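Here's a quick tour of one protein model, taken a region at a time. Have the viewer open and follow along.

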Amino acid sequence: MSVTALDLGRSAFSEHRWSDALDCLARADSEGGLPARDMELVASVAMLLGHDDDGVKYLTRAHEEFLTLGDMAGAARCAAWLVLFLMDIGEPARSSGWMSRAQHLIAEMEEPTEAEGYLLIPSALGSLYGGNPAASHELFGRAFEVGQRFHDRDLMALGQLGLGTATITLGSPDEGLQLLDEVMLSVTAGEVSPIPSGIIYCAVIGSCRLALDVHRAQEWTAALERWCGDRPDMVMFSGQCQSHRAELFILHGAWNDALAAARIAQDRSRRGDPEAAWGAWYQQAEVLRLRGRLDEADAAYAKAGETGYEPLPGLALLRMAQNKTSQAQAMLHRAMSGADPANRCRLLPAVVQVELAAGDLVAARAAADELAAPLHEASRPLERALSAQAEASVLLAEGSAEAALMSARKAWRLWYSLEAPYEAARCRVLAGRACVGLGDPDSADMEFEAATAEFAELEAVPAMTEVLGLSAGAGTVSGGGGGGGDGSMLTARELEVLRLVADGKANKSIARELYLSEKTVARHVSNILNKLALPSRVAATKYAFEHHLIK
């Protein structure tokens, strides 16, 4: 019976049926014990299902069985993986203990072993995240060479992953991304074991984000989603997949989908994918901040910060929105002082915004120039969009309206090509401000109108309110097509609906808040537009703002 259960467990593992594999292998273990190699197998399955304690126990038993058999290389390999597992789940003391044991085993062996390469990875990661990417690059290179020597595909893939990541961090994104593309070929071809494959998927997507390569990030996120979909009971890595999806949803304006993905990621992080926690909470906070729910955003950023990684630049932008600009400046100055080239590039757009809000035009200009310095026509669209948008903002502050208009429209075209509606709308606001400065109120009106419509669709209340303030202050918007009606004609319920429309809420959200059907809300909106002689929700929003109906 134990042989049958073992065979079934091995078969289930090869078919990615992790729960079945764990059940069968555990039964085989209880009935007659497992060979050491199969104990390694069941340890991987337990980890993939989010059962970290069981995974560590099985891997520890595998280590002990290899020692009993006199297989020192196998014992050292298990010890090396325990170092990585325990470090990943936040148990540094136990990880350090296994590191010492593995090193002692290797020192006593006459022949080298692939475990030596695995033991280089924690030190390489420490150097990478400790601000020494050059040392990290050297250590990952040595790990890759050990993998080549022993024909260990997992170690080779992890070493090459580290080489690519370190290369990007050192400021050579194109070279680094080519290395990552190569390692992804071995992963997608099924040449790498499940846990290293998941590590590589998630790390590569993170590096694409760091390198501002949207198209690569989308491609590999879709591949990760398919990979997770083929393993429906897997917990490990599935939360990270959802947090990556949330970030892409935010970029493309699907903010409700982003919130849903972030909630799934939070659930998976609690169930056994702890690496998902930062992204899950950070992406939720981003949507909440952009929609003006500042207290909720603050709480979500705090949850992201509990993981040990700072929630920047989002938290600094939140502080700016809370009129705590000097605090936002201090956060970004500190982060920039220790940032590598790739992370400086990630932070610079926020630096421009915050320095302009603080009135430090010199610092804003320096940040915009740094953002533009490495760019050329072949640079990735996201890099060029961020730079052009920052340049437009600074030029406006410097009083160069004509140059600002050119940069704003260049940025808009790039954001539009990336299907990024929020940032594209922000560029239309910049273009509108430039048109006002050039004495062209009709063009400004067109830009503000288009931006307001986009912000209303996204429920981006702070951005929408800012545009309406600019429109009213510049005297460029008459009310969106007439608006000659009298607000006193509205019923109390219609006024309530109008305020919610002006807050950027869609009919579905209004219905939920007022406990009405969507059909009833649609009728109220239609009545409001007819009574006020307004052509659209955007015009109604402007009417509410100009008549001080927004609370």
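This is a predicted model: local features need pLDDT of at least 70, side-chain atom pairs count only at pLDDT 80 or more; totals for chains, interfaces and linings use all residues.

## A helix on the inside

Helix α21 is largely enclosed by the rest of the structure, because 14 of its 18 residues are buried. The helix covers residues 381–398 and spans 25 Å from its first C-alpha to its last, close to the 26 Å expected at 1.5 Å a residue. Just past the end of α21 comes Gly 399, with a positive phi of about 90°.

The average pLDDT for the protein is 92, and 96% of the residues score at least 70. Residues 476–482 are another story, with pLDDT below 50; even so, this stretch makes 19 contacts in the model beyond near neighbours in sequence.

## Rings that pair up

Searching the whole structure turns up 10 aromatic pairs. Take Trp 81 and Tyr 118: their ring centres are 5.2 Å apart and the planes meet at 45°, so this pair counts as tilted. Trp 81 belongs to helix α5 (residues 72–88) and Tyr 118 to helix α7 (residues 115–129), so the pair ties together parts that sit 37 residues apart in sequence. Both Trp 81 and Tyr 118 are buried. Bring in Phe 85 and you have a cluster, with ring pairs linking Trp 81, Phe 85 and Tyr 118.

Now for Trp 278 and Tyr 282, whose ring centres are 4.5 Å apart with planes at 10°, so here the pair is stacked. These two share helix α15 (residues 277–290) and are 4 residues apart, about one turn of the helix. Trp 278 counts as buried because its relative accessibility is 18%, under the 20% cut-off. Tyr 282 is buried as well, with a relative accessible area of 6%.

## A charge over a ring

There's also a contact between a charge and a ring to look at. The charged end of Arg 101 sits over the ring of Trp 98, 4.8 Å from the ring centre.

## A threonine in α12

Which backbone oxygen does the side chain of Thr 221 reach? It's that of Ala 217, at 2.6 Å. Thr 221 lies in helix α12 (residues 214–229) and is buried, with a relative accessible area of 3%. Leaving aside neighbours within four places in sequence, Thr 221 is in contact with Ile 205, His 244, Arg 245 and Leu 248.

How values were computed:
Residues are numbered from 1 along each chain as its sequence is written. Side-chain values use heavy atoms; hydrogens and water are left out. Rings of Phe, Tyr and Trp (its six-membered ring) pair if their centres lie within 6.5 Å; planes under 30 degrees apart count as stacked, over 60 as edge-to-face and the rest as tilted. Buried means under 20% relative accessible area, exposed over 50%, partly exposed in between (1.4 Å probe, protein chains only). A charge sits over a ring if NZ of Lys or CZ of Arg is within 6 Å of the ring centre and within 35 degrees of the ring normal. pLDDT is the predictor's confidence in each residue, from 0 to 100. Contact means heavy atoms within 4.5 Å. The expected span of a helix is 1.5 Å times one less than its number of residues. A polar contact is a pair of N or O atoms within 3.5 Å; within protein, one must be able to donate a hydrogen and the other to accept it, and residues adjacent in sequence count only if both atoms are side-chain atoms.
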